[in-house]
Amino acid sequence: MIAKKKAEIEFGGEMRTFYFGIGFLGMFVENTTNTLATLEDNLLKNPFKVLPELMYYSLLYGYLKQDLKPEFTKYDVMEWIDEGGIGVSAKPVIEFRTALIESLNPKLPKEKGVKKKTVKK
């Protein structure tokens, strides 16, 4: 299930909740060498580093938000990705990436055009 701020994805042998939003992004930026301005370029340059980090901090945020101790490390996340046998092209990684992109797209309603009244002289 993918919602705006979280996604339930089967990963590492169980259903896990990945959280999106400013809390997760702030934690990701604070703890990695990424910024929001460089994220897209870094994803293209080295998805093998950036995607696992994004997934780790997305999962971690959910645990910390609920005041729980995480039962995994970022190395576990990398191992779970490798278990799929095709790395960053594995189904859970693609589902995560899709959910992340959707969470960043606000899909704001289109502004209705306002017609200007013309004054006849």
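Analyst: Buried means under 20% relative accessible area, exposed over 50%, and partly exposed in between (1.4 Å probe, protein chains only). The model is predicted, so local features need pLDDT of at least 70 and side-chain atom pairs pLDDT 80 or more, while totals for chains, interfaces and linings use all residues. Residues are numbered from 1 along each chain as its sequence is written, and side-chain values use heavy atoms, leaving out hydrogens and water.

User: What share of the residues of the protein chain counts as buried?

Analyst: The protein chain has 121 residues. Of these, the share that counts as buried is 34%.

User: Is asparagine 34 buried or exposed?

Analyst: Asparagine 34 sits in the loop between helix H1 (22-31) and helix H2 (39-45). Leaving aside neighbours within four places in sequence, asparagine 34 is in contact (heavy atoms within 4.5 Å) with Phe28, Val29, Leu39, Asn42, Val50 and Glu53. Its relative accessibility is 2%, so asparagine 34 counts as buried.

User: Which side chain does the side chain of asparagine 34 join in a polar contact?

Analyst: A polar contact is a pair of N or O atoms within 3.5 Å, one able to donate a hydrogen and the other to accept it. Here the contact is 2.7 Å, and the partner of asparagine 34 is asparagine 42.

User: How far apart in space are leucine 43 and leucine 54?

Analyst: Leucine 43 lies in helix H2 and is partly exposed, with a relative accessible area of 22%. Not counting residues up to four places away in sequence, leucine 43 touches Val50, Leu51 and Leu54. Leucine 43 and leucine 54 are eleven residues apart in sequence, and their C-alpha to C-alpha distance is 9.9 Å.

User: At what angle do the axes of helix H3 and helix H5 cross?

Analyst: Helix H3 covers residues 47-65 and helix H5 residues 91-104. Their axes come within 11 Å and cross at roughly 70°.

User: Which residues in H5 does H3 meet?

Analyst: H3 takes part through Leu51, Leu54, Met55 and Ser58. On the H5 side, the residues are Pro92, Val93, Phe96 and Leu100.

How values were computed
Axes are lines fitted to C-alpha atoms, for helices over the stretch in contact, and angles run from 0 to 180 degrees between N-to-C directions. Helices (H or I, at least four residues) and strands (E, at least two) are DSSP runs, numbered from the N terminus.
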